[in-house]
Amino acid sequence: MAARSLGRGVGRLLGSLRGLSGQPARPLCRVSAPRRAASGPSGSAPAVAAASQAGSYPALSAQAAREPAAFWGPLARDTLVWDTPYHTIWDCDFSTGKIGWFLGGQLNVSVNCLDQYVRKSPESVALIWERDEPGTEVRITYRELLETTCRLANMLKRHGVCRGDCVAIYMPVSPLAVAAMLACARIGAVHTVIFAGFSAVSLAGRINDAKCKVVITFNQGLRGGRVMELKKIVDEAVKHCPTVQRVLVAHRTDNKVHMGDLDVPLEQEMAKEDPVCAPESMGSEDMLFILYTSGSTGMPKGIVHTQAGYLLYAALTHKLVFDHRPGDVFGCVADIGWITGHSYVVYGPLCNGATSVLFESTPVYPNAGRYWETVERLKINQFYGAPTAVRLLLKYGDAWVKKYDRSSLRTLGSVGEPINCEAWEWLHRVVGDSRCTLVDTWWQTETGGICIAPRPSEEGAEILPGMAMRPFFGITPVLMDEKGSVVEGSNVSGALCISQAWPGMARTIYGDHQRFVDAYFKAYPGYYFTGDGAYRTEGGYYQITGRMDDVINISGHRLGTAEIEDAIADHPAVPESAVIGYPHDIKGEAAFAFIVVKDSAGDSDVVVQELKSMVATKIAKYAVPDKILVVKRLPKTRSGKVMRRLLRKIITSEAQELGDTTTLEDPSIITEILSAYQKCKDKQAAAK
């Protein structure tokens, strides 16, 4: 019950984690007074205002491409609150992976997201926490969020966190998780939010790579009516994390958990702290956060984003892509453990002074109407979700949607993977009553924010189903062929690259800048390579065709096949494996594993079940292959490389068009695998 002593705002926020509602006296709240206060993106920034006017999109796009300094310089000056003005707008060189924006400038991200709005309208709602149980939402004002952020920032400092130190946040969607991110930003610490579905092994790997000093977590999490044992997972992880000095434990439930030597009860400690914390003035290119994303090989990459450029880009894309207006309720249902949650649950909306929804639950809890009941109850104006959820809900029919009033909706958004036309049409026609703007957005962890989307655009401009369409201001896409030449013209496909830097893009891979250069700038010198393929239409619009490397997209979660293979390799009975992605009706893509089992292994069905458990333990449950096929051998070239494209063709019924197989060491292996696959399908059919 310590939350009751924290003051009205903070006490209510923390108390809401367990249903507490104490109402003691309101504490004083002092806000930062920066050298120059700006109106923010909802105010008078010329380019922001102009972008909403008819006829402006082509002109602004051309200017951003032709004169990036003239475009981004005034935007940064007028949109963000600065302590010290910048002297250089940009300094970028793709050949070395050098990315720098607004050099010499000093600011604090938490001031931009909180203090400026507490000065203007302290009781306006910053967050609506849509908790797991519907109808129990909690509203957090900007004043309350600032008080909580300051208390937590002071607590971090008291426990030894200094400017530049890294803090791991292993928490589900909640106001306290947002406050933890902003508290790090306030004192100049770097946060790495780790999705609260990752296993102890994956958690430990990320903590160690980032050299985290402190971990912040909950005793337990709630999602879809199920309890997640977060503290137990953290306990297991930190056994292998020598840099961790403290684990700060908040309580989402009343259940007690073991508290060891490293553990600190977060609510009790925050009760001792002052609700005021002076913000650290940070350089534009100082690190803001590290966020891990899967690559085609090796350990997940710690993508680094910095202060000013990232915040500007997140705020601008949030406002213009979704047509966000003052007073709107913005509903992005992504988890904060992913970049979508960072940019469009936390930083973009709060920098714009918006009301942002934190969605803790699932789209089908307690029933398939959950999203739409939430829209009705919270009067959500923009809804931003994943195609995976749309495809899932589509199968439940229209009745669950039409049961609820969705008249507040103005913009619908899709994120995480390309949306298929059937799901697009259903979202537009049924959910949006054929009246809402639907924006299919393409971007990545590495881009920091939306890069291609139907809006902004000319007033009344067409939106085509299942297509991201138009590059955002400052994004200059090009298509490249296999020889590394630019593909000109219309109705053409190629590797999607970007020819010019933009403020929101990642700066490096933490601890390994050469890997950053190799991954994004080596394949096509002079260009940023996205790893995706794209098609350009006659109208000059872009449609994303999917990954070109060994990365698969499972329910919007990017996952390297090498990670799954590494987990499988730890099984003593499996000397070889190959994992590929294949189309899935709901998930978009799913993982399919081909494994070779030792003769001495015994029952292969037991091995398969053990492998599924191992992948769940070492990575996460969503990474478990939907199908695991035991084969005698894998198709290899004479040099020993596994030909995964042949495996993809086999399981996608393209075995009659295998292409060139002359480099196979033994072509008869294809017949072996086809036979094993057919037996597996026959067995599944018989079981039904």
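1. A residue counts as buried under 20% relative accessible area, as exposed over 50%, and as partly exposed in between. Asp433 has a relative accessible area of 40%, so Asp433 is partly exposed. The model discussed here is a predicted one.

2. Asp433 sits in the loop that runs between helix H16 (421–431) and strand E20 (437–440). Its phi is positive, about 50 degrees, although Asp433 is not a glycine.

3. Phe102 is another non-glycine residue with a positive phi, here about 60 degrees. Phe102 belongs to strand E2 (residues 101–103). Its relative accessibility is 0%, so Phe102 counts as buried.

4. Helix H7 covers residues 175–187, and at 1.5 Å a residue these 13 residues should span 18 Å; the end C-alpha atoms are 18 Å apart, which agrees. H7 is mostly covered, with 13 of its 13 residues buried.

5. Helix H4 (residues 68–79) packs against helix H11 (residues 308–321) at an angle of about 90 degrees, and the axes are 11 Å apart. Angles of 65 to 115 degrees count as roughly perpendicular, and H4 and H11 are therefore roughly perpendicular to each other. On the H4 side the contact involves Trp72, Leu75, Ala76 and Thr79; on the H11 side, Leu312, Tyr313 and Leu316. Of these contact residues, 6 are nonpolar, 1 is polar and none is charged.

6. Two cis peptide bonds deserve a look. Tyr365 and Pro366 are joined by one, with omega about 0 degrees; Pro366 is in the loop between strand E17 (355–359) and helix H13 (370–378). Arg455 and Pro456 are also joined by a cis peptide bond, with omega about 5 degrees, and Pro456 is in the loop between strand E21 (452–453) and strand E22 (470–471).

Conventions:
Residues numbered from 1 in each chain as written. Predicted model: local features only at pLDDT ≥ 70, side-chain atom pairs only at ≥ 80, totals over all residues. Heavy atoms only, no water. Helix = DSSP H or I, 4+ residues; strand = E, 2+ residues; numbered from the N terminus. Expected span 1.5 Å × (residues − 1). Buried < 20%, exposed > 50% of the residue type's maximum accessible area, 1.4 Å probe, protein only. Axes fitted to C-alpha atoms, helices over the stretch in contact; angles between N-to-C directions. Parallel < 35°, antiparallel > 145°, perpendicular 65-115°, else oblique. Contact = heavy atoms within 4.5 Å. Nonpolar A, V, L, I, M, F, W, Y, C, P; charged D, E, K, R; others polar.
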